[in-house]
There are 2 protein chains.
Amino acid sequence: MIERLRKIGFAKLTSVEEALEKLFAKIKIINSKEIETLKALNWIIAEDIESQINVPSFDKSAMDGYAVVAEDTFGASPSNPKYVNKVGKIEIGEDSDLKLKKGEAIRISTGAMIPDGADAVVKIEDTEIDEDDKIRIFNPVAPGKNMAKEGEDIQKEQIIIDKGTELKAEHIALLCSQGIDKIKVRKKPNVSVFATGDELVEIGNPLGKSQIYNSNTPMIANLVRTYGGEVILEATLKDNKSLITQNLTDALKSSDIVLFTGGTSVGTQDYLPEIVSKNADILTHGVAMRPGEPILIAHKDEKLILCLPGTPVAAYVGFIKFAGPALRKMMGAMETDPRREIIAEMDKDVPVSRMGYLHHLRVQLKQNEHKFIASSVRLKGSGIITSLTKSDGIVEISKEQEGIKAGEKVVVKVLIR
Amino acid sequence: MIERLRKIGFAKLTSVEEALEKLFAKIKIINSKEIETLKALNWIIAEDIESQINVPSFDKSAMDGYAVVAEDTFGASPSNPKYVNKVGKIEIGEDSDLKLKKGEAIRISTGAMIPDGADAVVKIEDTEIDEDDKIRIFNPVAPGKNMAKEGEDIQKEQIIIDKGTELKAEHIALLCSQGIDKIKVRKKPNVSVFATGDELVEIGNPLGKSQIYNSNTPMIANLVRTYGGEVILEATLKDNKSLITQNLTDALKSSDIVLFTGGTSVGTQDYLPEIVSKNADILTHGVAMRPGEPILIAHKDEKLILCLPGTPVAAYVGFIKFAGPALRKMMGAMETDPRREIIAEMDKDVPVSRMGYLHHLRVQLKQNEHKFIASSVRLKGSGIITSLTKSDGIVEISKEQEGIKAGEKVVVKVLIR
């Protein structure tokens with residue numbers, strides 16, 4: 001019986017770890033290009049960024065109030081205020097030449113430059129001013145109080161952004177605050193996305209009985225975009241060897257990564273293993289993972305070919321475990337798997353159908369006081385896209401585990417949303 | 001002393017909850033428009049989507065094997081196989097007229113239509129075929145085994161996507177699988193973003209002493225994009241009343257939301273409260289939140305005006321607590337705050353400087369076995385953008401809390417990355 005299974009199924013399944021290692025070993029980081037910082041949202045930075053300036057770049061006030069010599073305020077109290085003379089005013093953005101001597105105060109705004117001679121700022125609410133510009137100070141300040149010293153936040157030449165960071169609004173703000181108007185980022189890899197299958201019909205067309213609408217290229221292409229790649233081609237192909245071969249060889253000319261769904265297994269119309277083996281070098285065929293077992297990973301020089309299963313959830317899992325991380329590795333991203341992780345408690349026992357596989361359990365999360373509870377989204381089969389749309393994340397059950405017990409702590413990899 | 005503070009500071013601070021409630025009460029959900037499903041990534045759907053078809057839309061095989069009458073397999077074992085006659089073959093996507101009778105089997109692929117008369121599928125690996133097309137079956141199957149019944153995953157007219165969902169790759173796949181090629185989504189609100197301040201210089205220009213580069217419009221504009229809005233204008237304005245007034249009144253003509261940073265407090269050059277009060281209705285000025293206290297929220301009919309503080313971190317916090325949620329509320333999003341939450345343990349005591357405020361503590365997260373540990377990113381001042389770029393998330397300390405104790409469980413709102 002097992003002999004028969006072996007003949008029809010996979011001779012040997014590769015572990016997820018080993019398959020990823022083989023895949024990553026073939027990836028060369030893509031070239032960089034210069035872009036404007038203002039247009040850098042979601043790009044991966046290709047260089048470490050050093051601070052160009054001290055931050056703050058000058059001693060500045062952290063409060064609205066009066067710049068003073070701290071010593072002049074010592075001993076001040078509401079019942080026994082200290083007196084100083086107001087000798088001027090410095091607004092924010094103003095490059096003032098004013099110098100302050102003992103017994104004097106200069107009105108200063110938050111963010112304005114501290115004048116020479118001053119070593120502290122008294123808050124406006126700790127003062128009162130008389131008609132003749134005499135200031136009464138009701139509380140003492142220590143030297144350095146209510147001011148920010150040049151370079152105290154960031155020293156010049158300190159690394160402020162590490163290469164491989166995916167730039168978000170706050171990174172762009174940080175770069176702008178340094179006056180850095182152009183940066184090097186990694187190019188977006190060009191990706192071609194194919195679905196194969198005689199049963200597939202494109203949306204907008206009538207559906208024959210026994211046919212299904214193609215949902216794989218829209219899903220995979222949008223995952224590619226979400227992960228930072230550039231989709232240059234989306235197409236659905238019939239199960240025809242010469243058609244698939246032609247499309248693969250054409251796509252390899254213009255793409256960094258070619259993705260297929262369907263036709264990767266060992267059925268009578270699964271042509272991809274044969275076609276890919278003739279046109280590229282196969283790294284892995286058959287991974288000990290469910291769903292997603294029939295995945296095929298190959299490369300032609302520096303170009304990658306990943307054939308994901310045709311059932312949508314298996315294609316999704318194949319993407320997030322292999323294609324997505326490969327794409328981000330190619331871009332030099334620090335995080336190749338961008339999914340956030342949450343720790344939760346499983347609500348019920350979840351046995352696995354068969355050990356030896358990395359199982360991907362779709363779960364919903366509920367927050368209960370100070371913990372999250374994960375519940376399995378139990379839907380038959382890996383074709384059911386609603387098992388993804390109804391889920392918050394995926395729990396991986398390792399190949400050594402028989403399942404998860406109720407109350408067990410699990411790591412939930414949150415779906416990219 | 002308190003009297004003096006009151007005269008200069010805010011007469012009364014509004015709680016975050018009350019300010020949000022007042023703001024949300026003024027928000028009208030924006031119009032919808034029809035777009036192609038294939039272009040719907042990250043748009044917010046404006047309608048509940050009902051299933052158009054049963055899924056699967058026909059009884060289909062879940063395995064490669066033989067469609068049979070289950071009864072014919074009863075009692076089969078490796079040593080005592082049951083025999084049936086192969087009478088045909090159905091490929092995936094093929095609309096077959098074949099009918100199956102007792103004693104017969106039809107070769108069938110995964111996903112192919114189950115022929116009339118069959119009520120189960122025997123897996124290929126549980127069979128052997130002789131030269132005369134006699135099939136030996138080594139294991140029995142119960143009726144319904146290895147097949148998916150029409151409608152078992154999704155019933156026609158069942159709601160499969162709720163309005164207000166932000167569409168991701170898997171939602172698009174689900175819509176496509178239903179043949180839904182056009183959908184209604186909420187328009188992206190038009191947002192104008194202004195920074196005010198005499199001290200601000202745009203990147204690409206030389207920096208005078210006492211000046212700083214503008215980092216607020218790039219940050220806020222990119223947050224608007226991340227939250228789903230359309231930035232129609234970004235500009236930096238000097239602290240000049242007529243200039244700011246002109247820009248506000250112009251922006252109100254074309255924008256759904258107008259955002260300012262800077263000039264919102266009670267300093268001598270904080271013109272926005274006065275300007276906004278003359279041109280719109282103020283809902284809140286001064287919120288019991290740190291950083292972010294001087295935030296000003298107003299509306300002019302259905303248009304919103306939010307003036308965020310000028311220090312970058314306070315502007316960021318003001319955005320994620322008010323402007324971002326307002327934007328998403330306007331788009332009818334189910335989740336107005338899209339940040340994921342993680343539960344972590346605080347590593348050390350964190351006292352708050354003053355109770356009565358909702359404090360926003362920036363933290364880094366480390367995973368330690370089956371828990372996350374949060375550490376405060378202690379950097380002075382709310383101007384320090386690195387306190388955001390170095391953080392993984394924000395812990396909110398409520399106005400009733402004196403701080404957080406080491407070991408206490410906290411909810412970390414993960415930065416949008």
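**View 1. Here is where the two chains meet, with 86 residues of chain B in contact with 86 residues of chain A.** Being in contact takes C-beta atoms, placed from the backbone, that lie within 7 Å. On the side of chain B that touches chain A, α3(B) gives the most, with 8 residues. By class, that side has 39 nonpolar, 26 polar and 21 charged residues. (Ala, Val, Leu, Ile, Met, Phe, Trp, Tyr, Cys and Pro count as nonpolar, Asp, Glu, Lys and Arg as charged, and the others, Gly among them, as polar.) Of the interface residues of chain B, 99% are also interface residues in chain A, so the copies meet through the same surface.

A word on reading these views: this is a predicted model, where local features need pLDDT of at least 70, side-chain atom pairs count only at pLDDT 80 or more, and totals for chains, interfaces and linings use all residues. Residues are numbered from 1 along each chain as its sequence is written, while chains are lettered from A and ligands numbered from 1 in the order in which they are written.

**View 2. Helix α4 (residues 216–227) of chain A packs with helix α3 (residues 169–177) of chain B at about 165 degrees, their axes 8 Å apart.** That makes α4(A) roughly antiparallel to α3(B), a label for angles over 145 degrees. Axes are lines fitted to C-alpha atoms, for helices over the stretch in contact, and angles run from 0 to 180 degrees between N-to-C directions. Helices (H or I, at least four residues) and strands (E, at least two) are DSSP runs, numbered from the N terminus. From α4(A) come P218(A), M219(A), N222(A), L223(A) and T226(A), which meet A169(B), E170(B), I172(B), A173(B) and C176(B) of α3(B). Sorted by class, this contact has 7 nonpolar residues, 2 polar and 1 charged.

**View 3. Chain A has an open sheet of 6 strands with mixed pairing, in the order β16-β13-β17-β21-β20-β18.** Strands pair if DSSP finds at least two bridges between them. At the edges stand β16 (230–237) and β18 (281–285) of chain A, each with a single partner strand, so one side of each is left without a neighbour in the sheet. Strand β13 (residues 190–196) of chain A runs parallel to β16(A), joined by 7 bridges, and N190(A) sits opposite E230(A) in β16(A). Helix α4(A) turns up again here, packing on the sheet where it touches β13, β16 and β17 (257–261) of chain A. Helix α6 (residues 272–279) of chain A also packs on the sheet, touching β17, β18, β20 (296–300) and β21 (303–308) of chain A.

**View 4. In chain B, strand β4 (residues 65–68) runs antiparallel to strand β6 (residues 104–108), with 3 bridges joining them.** Look for Y66(B) opposite R107(B) in β6(B). Strand β4(B) also pairs with strand β7 (residues 120–123) of chain B, in the antiparallel sense over 4 bridges. There, A67(B) stands opposite V121(B) in β7(B).

Note on methods: Parallel < 35°, antiparallel > 145°, perpendicular 65-115°, else oblique.
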